Amino acid sequence: MAPHKQHWRVKVLALFVFLPMLILAACGSTGGGGTVNGTTPAKGTVTVGGKKDVEAQLLTEMYSLLLRKAGYTVNEKLAFGNTPFNIAAIKNGDIDLYPEFTATGLNVLNIASTYDPQKDYQAVKTGFEQQFKITWLDSAPLNDGYAICTSKSLSQSLGITTISQLAPKVSQYTLESPSDGISFVDNLQKTYSFTTKSFKKTQTVNYAIGFSAVQANQAQFNVCYGTDATVPQQNFVFLQDDKNGFPAFNPAPIVRDAVLTAHPDIATILNPLAPDLTTDVSIMLQQQVATKKATGMSVAEAVKEVATTFLQSKGLM
């Protein structure tokens, strides 16, 4: 019996030696033709970051879903942080790509807007390449720029629906603005001849507080974001920027050059999404997330489900 037991142990030992070799071989093949779920060639790992608001989370999720479909392993950092956090992370290589907006890119570069979306896009594309070795892929028509809002009832009672109509009367009213909106209102001096100091009072507050203040008649106007789906839900309206005083905020994936050089198909994977992302689409998708969240679904789950359904509806998944 002893020889038989020894023979069996040799077989088992050989199996334990051989099995890890098989596993390592399988893992090592992902860079050159392995498979994900047995179907799509595995291409490597990409870390995708993003900002905290729902719109940014939707963009981050869409980029991640498209890259996974194409065979990439995605390390997704949904709601990773604010603009300075993401900019620092992509510069130092903590993330490989994330959705950024053109006017925000101009601020990072300390370049004034031309108020021409295409010229602004070319400016950030050139500037980020030269200074940071970061590439801007195709931008979307979606414009998440700044806007001035008020309640629908106040708009009607004051007879103000455009910024031009507000301009000669700003000294009569109080404005509420998040800290990031102050400089953009000040830049309205060029087109509408007023700044935040022109108002009877300007208060820097948390974004949501601006709406509450107007509803409580503690202020008459607040700075809001152009794709904020809660604006119509709260019975607020956007004042029409009839002279294009606010710069356009068009989103695009921005990618470290080193990553794009190693994986050039990232551009062809993500660029087809751009034309489908409009302002109305963003508001619609955010409303869908809010509806799902109201049923008890987490924001992350709702974002993933809404993003997946949208990509499928466009034939991208």
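The following legends describe close-up views of a predicted model.

**Figure 1. Overview of the protein chain in the predicted model.**
The chain contains 15 helices and twelve strands. Of its 317 residues, 46% count as buried. Among contacts between residues at least 6 apart in sequence, 73% join residues at least 24 apart.

**Figure 2. Packing of helix α2 against helix α15.**
Helix α2 spans residues 54–69 and helix α15 spans residues 299–313. Their axes come within 9 Å and cross at roughly 60 degrees. The two helices are therefore oblique to each other, and α2 passes α15 in a right-handed crossing. On the α2 side, the contact involves Gln57, Leu58, Glu61, Met62, Leu65 and Leu66. These residues meet Val299, Val303, Lys304, Val306, Ala307, Thr308, Phe310 and Leu311 of α15. Sorted by class, the residues of this contact comprise ten nonpolar, two polar and two charged.

**Figure 3. Packing of helix α4 against helix α5.**
Helix α4 is formed by residues 102–109 and helix α5 by residues 117–132. The axes of α4 and α5 come within 9 Å, with a crossing angle of roughly 45 degrees. This angle makes α4 oblique to α5. The crossing of α4 and α5 is left-handed. Helix α4 contributes Thr102, Gly105, Leu106, Val108 and Leu109 to the contact. From α5 come Asp120, Tyr121, Ala123, Val124, Gly127, Phe128, Gln131 and Phe132. The contact of α4 with α5 has eight nonpolar residues, four polar residues and one charged residue.

**Figure 4. The aromatic pair of Tyr173 and Phe221.**
A search of the whole structure finds 13 aromatic pairs. One of them, formed by Tyr173 and Phe221, is edge-to-face. The ring centres of Tyr173 and Phe221 are 5.3 Å apart, and the angle between the ring planes is 65 degrees. Tyr173 belongs to the loop between α7 (163–166) and β8 (174–177), whereas Phe221 lies in strand β10 (residues 221–225). The pair thus links distant parts of the chain, its two members being 48 residues apart. Both Tyr173 and Phe221 are buried.

**Figure 5. A cluster of aromatic residues connected by ring pairs.**
The cluster contains the tyrosines Tyr146, Tyr207 and Tyr225. It also contains the phenylalanines Phe184, Phe211, Phe236 and Phe249.

Definitions and conventions. Residues numbered from 1 in each chain as written. Predicted model: local features only at pLDDT ≥ 70, side-chain atom pairs only at ≥ 80, totals over all residues. Heavy atoms only, no water. Axes fitted to C-alpha atoms, helices over the stretch in contact; angles between N-to-C directions. Helix = DSSP H or I, 4+ residues; strand = E, 2+ residues; numbered from the N terminus. Parallel < 35°, antiparallel > 145°, perpendicular 65-115°, else oblique. Left-handed = near helix turned anticlockwise from the far one by under 90°. Contact = heavy atoms within 4.5 Å. Nonpolar A, V, L, I, M, F, W, Y, C, P; charged D, E, K, R; others polar. Phe/Tyr/Trp six-rings, centres within 6.5 Å; stacked < 30°, edge-to-face > 60°. Buried < 20%, exposed > 50% of the residue type's maximum accessible area, 1.4 Å probe, protein only.
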